[in-house]
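Hi everyone, thanks for making time today. I'd like to walk you through one model, so please have a look at the screen.

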Amino acid sequence: MQKPGNRGRIYSKLSGPEPFFKSEPFFKSESSFKFDRDFNTAKVLNTELRGFLSTPRQVPRPLREDIAEVLVYEIFSGKNYEIKDEKRFMEKFGVFYPLLLSMRNFRVWEELKALAASNRMAGLLVLKTLLDGIFTLIGDYEKIEEEITKNLQKNLEKTLKALKELIEETCSAWDERNSRQNPENRESPGSPGTPRCEKLESMTRKFMENEKTGQALDAVVEERIASPLEEFLSILEDHLEILEMLSMLFPGRMWSDSLQALHREYFGNLEKYASLLRKSSDLRKILEQMGRIELEYGSKKLFLSPHSKNEVHEVTFSSEIQTMLPVEAVKLKNPLLKRKFYADMFEGKLLTYQLRGKNWNSDAAGKKRRGPVIALVDTSASMRGSPEILAKSVVLAVTRRMLKEGRDVKVILFASKWQSFEIEMTNKKRMGEEFLDFLHQTFGGGTDFNTALRSGLKVMTEENTFRGADILFITDGYSELSEQPLIREWNEIKKERNARIFSLIIGNDNAGGLEQVSDNTYIIRNTENWGVWESPARFVKAIGAPVYR
Amino acid sequence: MKVSNLKNTILDIKQEFSAYFKERDAEINGSLLALLSGEHVLLLGPPGTAKTLLANKICETIVGGNFFHYLLTRFSTPEEIFGPLSLKALERDEFSRKIDGYLPTAHIALLDEIFKANSSILNSLLTILNERKYHNGKVVLDVPLFSVFGASNELPEEDESLEALYDRFLFRYSVDYIQHDENLEDLIFENLEDFSPLTKLAVGDIREIRKKSRYLPVDPEIRTIIKGLRRELKNSSIFISDRRWKKIVNVLRVASAANGHQSVSRMTVVLLQHMLWDLPEQKETIRKLILDRVVSGGTDTGKLKQDVLDLKSAIYGCLKQELPDLVSCTKCYEEEKKTASTARHSRFTGMKSQKNLTFSSTLDFLNHYLEFPKHTYGVGLDYNNLNSSLNFDSVVELLRRKYAFEFKLSLDYGEKKLYEKEYENLEERLDYFRRQVQAEERALEETLEENIWVSAQDSREILIKYRSKNTDIYEIANHLKEIRAVLEKPKVFDIELETMGEAA
C-alpha cells in the first residue's frame, strides 16, 4: 500500500502540444495483419468485396470475381500472383493479362502492396479504386477512348487501335462465355478447343508482341489507373490510423456501407482523440507500462526430441552399433553375412533402434503473450470538458494498442452507484458500435468508485479471458473508495493473479482513496490547453467518391 | 450378362456382411468398391471395433488371390514385411529378398496399426502402395496388389513421411462402437458361429470390370460438381491432392460400371464423402456439401440465392445518394422522447436512441417516407430547426434550393441495360437449376434404389434435400420476380417530385 504523499510517479503537468513524428513507435503502423500460410482469397471476396463486386457492370460478374481474386491474391498475400499457365490465363482473361503486367511495372504497385500489408482496410479501399479503374477501362472503353487518345503521342495511335480491338474481343468473348447455358461451358472458360478462347489467346499474344505495346499500354495504365491510385494513396496516408482503428473495431465488416454510416458521427471523434495522444509523450509513457508479459497457459508441451534418449522409439537405419538390433549381430557369425554387415555399417544401413525421448519444449512463437486490459472510465458530469476529452483519448489509445497486439480489452463505464456499462472487445465479441458511441457521447452522472471496482473485480474473477488483467482507472477523483472489504478483496486478488492497477487522475490532485489499491497513480492537474482543430472532412469526401459511382 | 452377375454378387456379399457386421454398412460398401477399383482403405477407430475382422473377412471373399496380413509395430523390420534376405543370392553377389508369401506377392493385404510403420520399411511400402512396384535388389517387380486395408487407432502425428502414407489411402472410414443396444445384443448373444463369407469374388472379374470402366463417359454435371467441391473445400482450407482427385474419378467410373451404368451419373458422387476428409471432424461438413451438390446437379444454391439478393440490393444501392445535410424525422423524435422519458432508467440503456431518426442517405430517407408518408422532418444537425418541421416535399425543395440536390428515383438507361443483362443471366441459371432438379425428381427414387453404392440413409437424405431444393427454387424465383418488377417500373420509387421542380 502506498501513502497518499508518496505516489509512484506523478505527472504534475502533461506537456503541451509537441511536434508529431510519424515514425514514433506508438503510432507506427507495423504490419499488424499477418496472413496465414494458406492465403484464402474467398474470404475477402465474399465479405468485404461482395457488395462492390455484385454491382452490375459491363464486365460480367464471374469475370469480375475472377479478376478481383487475382488482384486480392497479388495485393494481400504478400506474394505475386504467379501465372502458371500463360496460355490458359490469356484465354481466360484476354486484355487483363497485358494490363496486369503493365500495372506491376509502376512504382505505385509496390506502395499499394506495402500499404495493404500494413493496413488491411486501407488496402481494401485502394483495391476497390483499382478494380473500378480496371472495370471502367475494359468495360467502358468506348466512353473514355477519346480522352485517352487526346493525351497520347501520335505514333501510338495504331497500337491503341489494336488495344481497342483486343478489349472489344475480350468483352465479347466474356459475354458469350457468360451467357452460355450449359454449366460445364460456363464455368470452364478455358476448355481447350473452344475457338473463341483460342482466338482471344492468339490476339492477346499478338498484341503483346508488338514492340510499341509496352509504351502505349503504360501510358494508358498510367493515366487511367496508376495516377488516380497515387492520388488516392496520398489522401489515405494521412488517415491510416483511423482506418486501422475502424478495421480493428469492425473486423471483416462490409466496409463501404459501414463507413458511409459511421463517418459523419464518428470520424471526427476518432481523429480528435487520436491526435491528442500524438501530441503528448507523457500519456504514451503511461500506456507503455500497461499490459505485461505473461506466459500463456499450455504453451510448453511434451515433445519428442532427438536430443533426449531415454526411450526406444522405433527401428531405423544407422551405423550406431550400440543401439543395433540383435538380428544384425547374428550376421557376424556367418563369414558371408559378416561382409554384408560391414558394408551395411559403412553405409549406415544397420537396423538400429532409434532412441528418442520426450522433452519439455516450448514453441518460440506464442510463448509470450501480453495480458488483457480492463479500463474503468469515470463518466460523471464532473468529467465534462477537457478531462472527458483526455479520458476518451486515453481509452482510444489503449484500445487501439491492445487490439493491434491481439489482446483483449474491456471498457467499463461507470457513474453513480450501481451504474456501469461494459464494452467488450475480444476476439469473440467486438462491440465496435458501442465503443464509438462512447466516444460520441457526453458524460453525465455521479461517481462511485466502489461500483467501478466491484464491476472490475467481477470481470476479473468471472471471465476467463480477463483473469490477471491489468486495470486502468480513469477518473477525476471526486469520490471516495470507502468499502474496506472491497479493498481487501482487491488486494488479495491482485496478489493471487499478479494483476496491477493504474490510476489516471485528471484535473484533481487527490486520488480519492484509489492509491490504496493502485500500483501506479498518475495525476494530471491541469487540463487546460487541450484543443484539437483538425477536420476530417477532406478524408470523408475522398472515401465516399470511388465507392459509389 | 457378366455385369449383372457381378452386381448381384456384390449385393449378396453386402447382404451377408451386414447381417454379421452391425452398423458397418458404409465400411462394407467402401471396402468392396475399393477392392474393385484397386484403391486402399483405411479404417480408423478405437480398439475392438471389428476393423481387422472386417478387413479380414472382405479379403476372404476373394478367390484366386494371395493374402498378406501383418501387424506393424514401430520395430517391424523389412524382413517381416518384404521377406528375408536371400543367402543364396548373396553368395552370387546379389542382394535380393525371398518375397514369396510376403507383401510384394500379395493381392490383398491387411496392415494393422499402419501408422506404426517406421522409416526402415516406409519407403518400400509407399512405392508398393502407389506405384505397385517393388525394388528387389536390381530387379523392379510389378506387384499384383489390388488393395491394402489399413487399420489404425490413431491418425499419424505430424510427421511428413506418415502423411504421405495417409494420402495414399483413398477411402477413409472412422468406425466407432455399436450404437444401438439391439445390435449389440445380436452381436454378443446371437452370432455364435464364426462368420465365413459364402459368396466369392473372382480376381478375374475384378480385372474385367476395371477394364470395362476405363473408358466410361462421365456426365457433365460431375465435372461441375467436382470443380465446385474443390473450390469450396479450398475455401475451408481442406486441400485434396491432385492424385486423389484423379483416383476419385477412377473410382466413380468403376462404381458405375459395376452398377451396369453406361455413364457415371451424379448420384455416385455421394461416395466422395468417404474420400475427402482428412480429419474425422470434417466428415459431417463435407458430407453435407456433397449431398447438396449432388441434389442440385452442381449448382451452388446458396451462391445463386446470394447473387440474386445481391442484385436486388445493388439496384437500391445504385440509387443511394448521400444527402447533403442530415435529415431527421421530428415525428419519430418526439415519440422517442415520450417513450424514452419513461423508460430510460440509466443513461447507458439509452445509448443507441437516436439511431434511426436521422438519415444520411437518400435510401433511408425515402424508405422512411414511404413507410410514414405523414411525418415531418428537420434539416441539419441544429436541433433548433426541429421547430420548423417540414413535410417531405418541402424538404426536397429545401435541399434543391440550398444544395442544388436532386433525388435520383430511377435507373438511367445504361444502368438499366446492365441490370437487365445481369438479371437475365441469373434467370437462366435458375432455369437450368430448375430443369436439373425437376427432370430427375420422378425417376429419382428408382435411380437411388437401383444404385448399389448409395446407402439407404443417403438416399433418404437426398430425397429430403430434393424437396427443400424446390422451396429454394420457389424462393429464388420470387426474388427474381421482385427484381423484374422493379426493373420494369419506370421508377424504383413511386414518388412524384415533378411538381416541386416546376415550383422551384
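Predicted model: local features only at pLDDT ≥ 70, side-chain atom pairs only at ≥ 80, totals over all residues.

Residues are numbered from 1 along each chain as its sequence is written, chains are lettered from A and ligands numbered from 1 in the order in which they are written, and side-chain values use heavy atoms, with hydrogens and water left out.

So, chain B. Its secondary structure comes to 19 helices and twelve strands; these are DSSP runs numbered from the N terminus, helices being H or I with at least four residues and strands E with at least two. Of its 504 residues, 51% count as buried, and buried means under 20% relative accessible area, exposed over 50%, and partly exposed in between, with a 1.4 Å probe and protein chains only. The accessible surface of chain B is about 24,400 Å², and carbon and sulfur atoms own 50% of that; the areas come from the Shrake-Rupley method with a 1.4 Å probe, and for residues only the protein chains shown count as cover. Now take the contacts in chain B with a separation of 6 or more: 80% of them are between residues 24 or more positions apart. Contact here means heavy atoms within 4.5 Å.

On to the sheet. In chain B, five strands form an open sheet in the order β3-β4-β7-β1-β8, with parallel pairing; two strands pair if DSSP finds at least two bridges between them. β3 (67-71) and β8 of chain B stand at the edges with a single partner strand each, so one side of each has no neighbour in the sheet. From one strand to the next, the twist averages 10 degrees.

Which strands does β1(B) bridge to? One is β7 (residues 147-152) of chain B, in the parallel sense over four bridges. Another is β8 (residues 171-174) of chain B, also parallel and also joined by four bridges. In β7(B), L42(B) has G150(B) as its bridge partner, and L43(B) stands opposite A151(B). On the β8(B) side, the bridge partner of L43(B) is Y173(B).

In a regular strand, side chains alternate between the two faces of the sheet. Within β1 (residues 41-44) of chain B, V41(B) and L43(B) point one way, L42(B) and L44(B) the other, and all are buried.

Last topic: charges. The whole structure has 46 salt bridges over all chains, each being a side-chain nitrogen of Lys or Arg within 4 Å of a carboxyl oxygen of Asp or Glu.

R429(B) and D307(B) form one of them, with the closest N and O atoms 3.3 Å apart. R429(B) lies in helix α17 (residues 413-450) and D307(B) in helix α13 (residues 301-319) of chain B, so the pair ties together parts 122 residues apart in sequence. R429(B) is buried at a relative accessible area of 17%, and D307(B) is buried at 3%. Salt bridges that share partners join R61(A), E65(A), K303(B), D307(B), D310(B) and R429(B) into one network.

In chain A, K331(A) and D344(A) meet in a salt bridge at 3.7 Å, N to O. Both count as buried, K331(A) at 12% relative accessibility and D344(A) at 6%.

How values were computed:
Axes fitted to C-alpha atoms, helices over the stretch in contact; angles between N-to-C directions.
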